[in-house]
Structures are given as C-alpha cells and as structure tokens.
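The following note sets out several points on the fold and on local features of the model. Please read them alongside the sequence and coordinates.

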Amino acid sequence: MEKTLHIPKILLIGGSEPLGCAGIQADLKAVCACGGYGAAALSCIVDEDTHRVKSIHPLPAQLIVEQCISCLQSMDVDCIKTGLLYSAETVRTIGEILHRFNNIPLIIDPVFVGYAKTLLITPDVIEAYQKYLFPLAALITPNATECEILLQRSLKTDNVQSELKELCQWGNYSIIMKSVFMEGKVCDYFYESKTDSLKAYSKVPIRKKDEGIRGAGDSFASSIATYLGKQYPLSDAIWRAEFFIDNSIQFGHKIDFSSKFNVVHSFGSDDFKKIN
C-alpha cells in the first residue's frame, strides 16, 4: 500500500485584495512555497491600488464563521492564521468558534494599519482582539506601529524585551514584532514567553523606511504557520520564516512591477529551496 504524504494544512482567515500581493492571496502563495496546503475563509473584500486602500467591504460574520467550520470539519487543520478581520463582531464570533478548536496552534497577524500607517480598524476591534482572540494564540505578529497601538504609547526601543513582555498580557502566547528601523538596520524582535527570552533578527534594508513592501507581514506570518504545521518548535519555525521572507523580499525587489510598488515573491531563490 502506498504511503500517504503528510502536508501541513493551514486555515487562513483574512481579506482578499486585487493586486495579488497581500491578504489571502499572499497567504496562499507563502503557504504553498513553504510546503503546505492553504485553505481560506474570506473575511472581507478590499479594493486597493499601489497608493492606498480605497474601500473595505466586510462579509457577514456568520458567513465567515461558517467558512471556518466547513474547513475545520472537513480536514485535519495543522495551524490557523488570521489576517484582516475588520469588525469587532467578526473578531468575537471567530474567537468563539476557534475556542472549540483550541488544540490547533493559532497565529494572529493583527492587521490594524495599512499603507502609510493608515488605521484600518476602530478601537472596539482592538478590544475584541484582546478579549476573544489573543487568549487563544500561540503567537502574534504585529509590526512596530501595531505594537504602539496595543501599548497606547510609543515604543521604548532601549528595553524591547520589557515592551514585548507587556504585550503578552492578554494570553499565554509569544510575540514577534516586525520591521523596527534602528541605526540603519531593520529588526524583527522575537519574544518567547515560555523561556522569557528575546532574539533579534537584524538585516540591512533594501528599501527606504517610508517605502512599504506589500504583503511582507502576511507572507511572513503564513510561513510561520506552515512551519508550525510541519511540527517545528516555534523558535525553529521563526528562523525558517525569517529566511523565507528575506529571500522573498530580495527576489521580489528584482521584479519590475511599477514605480515604488515593492512586493514579496514567495517562489524565490534556490537558497531558500535548499532549506525547505
């Protein structure tokens, strides 16, 4: 009898956008590139161009939940990753259903801001995250701006470990803070709550601070979810995902999309393929 092949199955919950560079589109590419199978429950339809988010049209919360249930009852999901959820009702109802599946690792990418740090959600959505979703998480992946929104103040970059530890107050999860620009470098900081330890992933940026890379956060969080689905310990999943996103950004930077439109390209270099 032929042996079955185990591929990690990742449930992605988030928004769809037309450029193919962020949201569910980016999630699915990253999962496939990292060797997983991506399933998706749409939360909203986003209209955006290379300059701004023009409009967001949320789907009914009950429909989002029903999509999640269809997936969770149809396959053995290895990890769940959330992206843009947009409304407090959506966050609450997803939290209530995922509580029934709390044996599955949950990665939360709290998408609070868009291009040029434009706020996409309202304060009640943030409160719903803190009450209904963060307590279920294995990891949250905010960028520096989203960390400041959660802290309700500016980051103290001279004591990052203390700041990230404070951001773990809503549950028993770890946190990776993305894209902190310091002294000509960009750093991701991973605080692992289980070991009370901090690790910095530092790199020289290939872009200016004010030039965004579309889909980097989405792709990064989805790659972590895939490696967790492959049963890697969280710290190993993080460094593999860092290697993946680095290669994807470098490869995407070589592609001529349009002026100041930088994207990740998940199916990147041969160096990445060697570790995957």
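1. Buried here means under 20% relative accessible area, exposed over 50%, and partly exposed in between (1.4 Å probe, protein chains only). At 46% relative accessibility, tyrosine 37 therefore counts as partly exposed. Tyrosine 37 belongs to strand 2, strands being DSSP runs of E of at least two residues and helices runs of H or I of at least four, numbered from the N terminus.

2. The model is predicted: local features need pLDDT of at least 70, side-chain atom pairs count only at pLDDT 80 or more, and totals for chains, interfaces and linings use all residues. Residues are numbered from 1 along each chain as its sequence is written, and side-chain values use heavy atoms, with hydrogens and water left out.

3. Nine strands make up an open sheet with mixed pairing, in the order 3-2-1-4-5-6-7-8-9. Strand 3 (53-58) and strand 9 (197-203) are at the edges with a single partner strand each, so one side of each lacks a neighbour in the sheet. Pairing requires that DSSP find at least two bridges between two strands.

4. Strand 1 (residues 9-16) runs parallel to strand 2 (residues 37-48), joined by eight bridges. Alanine 40 in strand 2 is opposite leucine 12.

5. Strand 8 (residues 185-192) pairs with strand 9 in the antiparallel sense over seven bridges. Glutamate 192 has serine 197 of strand 9 as its bridge partner. Four residues separate the strands of this hairpin, in which aspartate 196 takes a positive phi near 50°.

6. Helix 1 (residues 23-33) has several buried residues, including Ile24, Ala30 and Val31.
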